[in-house]
Structure formats: C-alpha cells, structure tokens
Amino acid sequence: MAQEVRVSVFTDVARDVAFMRCMMVNVMAIGDRSRWILVDTALAGYGPAIQRAAEARFGAGARPAAIVLTHGHFDHVGSIETLLSTWDVPVYAHTLEMPYLKGRSPYPPPDPLVGRGSMALLSRMYPRGPIDLGNRVRALPADGTVPEITGWRWIHTPGHTPGHVSLFRDQDRCLVSGDALITTKQESLAAVMTQRCELHGPPAYYTSDWTSARDSVRRLSALAPATLVAGHGQPMSGEAMRECLYVLAEHFDTLERPRFGRYATQPAISDQSGVVLLPPDPLPKVLAGLGAIAATAGLVWTARAVSSRRRHLAA
C-alpha cells in the first residue's frame, strides 16, 4: 500500500520507523524519543527541513544518536555537512563506501544510455563526488549490527555502489532498502513527479555492477519483508508487494538489466581505494553515429530540395 507524506514531516510506516520525502529521495528516522538514528540525508538544501521534522517528531533540540548512510551518492549525502554543523554525531557507512566519503575517489560516471527516461539522459550532469567527511565517518560494525539502535542489522547490498547497505528488522520484517530496491521508476521524470508506485531494482543510470545488483535484490527478496521503505518512491507493504518482489528477483535480468550501456555486460571495478577500472564508454560512438545519421539526412534533404528547385525552374 502506498502512503502519503507531508512536507517537512516524518510519516510513520512501522513501529518506530518513519520516512520523509525530500523532493525525489527519502530519509528515514528509526527509533523513539529516547534514542533514534537518521538514515541518509537527502539532497543539498534539505538540512533545515530534516531538523524541523526531527524536532516535530522527537522534541525541541532533538538530534539522532548517529547518521547511517546506505551509500554516498549526492542525493543521499547532500545535506550531511549542514546537519553535522549542528548535530555533533557519528556517521556510519560500509567500509567500501569510504573512498567516496573521505575524498579519495569519485563514483563511476553515470550511464545516460540506460533507463529510458529524462532523469537518465541528464545523469552526466549529476555530481559524483567524492565528499570528505574525514574522521566523522566510521565503518559499520563487522558483526552486522546497526549502531545506536537494537533489533536491526545491516545487509551488504552492492551493485548500485560497492558498499551499499540495506537495514532489516527481523522482528517485524521491516526493510529499509536504500537504492538496492526502489518503488518508483527513478529514470522517468513523470514517475518521479507523480511517485508512481512500482517495484524496481536500483536507479539504472547510477548502477555500475548489474550482476551484484541482481544478487542484492534476490538477497532482499529472500527476507520476505512485510514493509518496504526505499530510498526512492513510497513505502509498500503486504502480500502483493512480496509477490511483485519475488517476480522482480526471479526475472531481474529480463526486467531490469540493460541490453546496452557502459556497465551492461562489464562492471566498474572498485576496491577500498575507490574506482580502479572502468569499461569503455559507448556514448561518444553513439553520439558520433547519431551525428552521421543527421548529416546524411541533411544531405539527402538538400539534394531533394535542389532537385525540386531545378525541376521548377525547368518548367
């Protein structure tokens, strides 16, 4: 079931779990007045709105015990510097995200050739970092626990980024999936604006390892979540959601994996230093081919126009 959200207000989706949509991306508050964490920090400029929503939910002067990042893309860390200037709290992320959060490496370039939508076509304009949080960011515990809250575990769900994580509470099977699994077609501006509710894998234009992305969706499907709160789109719950998730996991390569594009068959290779190998970029050849087609069409049109004019003069 889709749920509505109001601007600058956290909306409950499960016990001690609430989300707030910040234009095209969600942030989550997990916990109660005694102790809570913030998951992701949205786009740049949303820091004050997040703080107001936190105070409305948890009381004046409220601040989280920690910020947990599902990954470091610009739409998930955009307001973190603003928040940290007021909230002196630790930040946690997977160790494989550290190059992009400590200023050592940008993410692989987005792929505008995948996803069939205007959001994808514009993706080369999006920031790809890195940001530098220095010693304020720490690695998530190796035992899978989520710092500062009980009953939750983090799950490594790479593909969209090397160190992407999702959060899961076994007690009620509540899943915070980040961008490993989303509930709208993020490549489409129309879908983003209307928040059309449908299950998808990660945003295609920023996914650089499709085999890992598929395996991550299958890992999350195996959890049989009762409630799904994604990084993009509206929360979903119930048996119908699970059935759609099972279908997506089983047929991921057919439904989601692009047939063509920079990372369609060969992933970007990364390690703890950042990106170490990129597959060739097909975009220049595509643009050159389109240019050749346009030039040929122009020559044909000119030749036809000249021929037509000659016939007119001869008459």
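**Cavities, pockets and cores in a predicted model**

The lining of the largest cavity has, by class, seven nonpolar, four polar and two charged residues. Here Ala, Val, Leu, Ile, Met, Phe, Trp, Tyr, Cys and Pro count as nonpolar, Asp, Glu, Lys and Arg as charged, and the others, Gly among them, as polar. This is a predicted model, where local features need pLDDT of at least 70 and side-chain atom pairs count only at pLDDT 80 or more, while totals for chains, interfaces and linings use all residues. Residues are numbered from 1 along each chain as its sequence is written, and side-chain values use heavy atoms, with hydrogens and water left out.

Back to the cavity. Its volume is about 60 Å³, and 13 residues line it, with Phe 74, Asp 75, Tyr 205, Tyr 206 and His 232 nearest its centre. On a 1 Å grid over the protein atoms alone, a cavity is a set of points where a 1.4 Å probe fits but cannot get out; a pocket is an open set with protein on both sides within 12 Å along at least five of seven lines; and lining residues have an atom within 4 Å of a point. Grid points are joined across faces, edges and corners, and a volume is the space filled by probe spheres set on the points.

How many cavities of 30 Å³ or more are there? The count is two. The second largest cavity holds about 50 Å³ of space. Its lining includes His 73, Tyr 107, His 160, Tyr 205, Tyr 206 and Tyr 263. By class that lining has seven nonpolar, five polar and no charged residues.

Of its 17 lining residues, Gly 115, Arg 116, Leu 255, Glu 256 and Pro 258 are the closest to its centre. Eight residues of this lining are nonpolar, three polar and six charged. The second largest pocket has a volume of about 200 Å³. Among its 14 lining residues, Asp 16, Gly 31, Ile 149, Thr 150 and Trp 152 lie nearest the centre. Strand E3 gives the most to this lining, with three residues; helices (H or I, at least four residues) and strands (E, at least two) are DSSP runs, numbered from the N terminus.

Next, the cores. A nonpolar core is a set of buried Ala, Val, Leu, Ile, Met, Phe, Trp, Tyr and Cys residues joined through side-chain atoms within 4.5 Å. Buried means under 20% relative accessible area, exposed over 50%, and partly exposed in between (1.4 Å probe, protein chains only). The largest core has 37 residues, of which Phe 10, Leu 38, Ile 50, Ile 67 and Trp 87 touch the most other members. Helix H1 gives the most to this core, with four residues. Apart from this core lies another of 22 residues, including Leu 181 and Trp 210.

Finally, confidence. pLDDT is the predictor's confidence in each residue, from 0 to 100. The protein has a mean pLDDT of 91, and 87% of its residues reach 70 or more. Where pLDDT is low, the predicted coordinates should not be read in detail.
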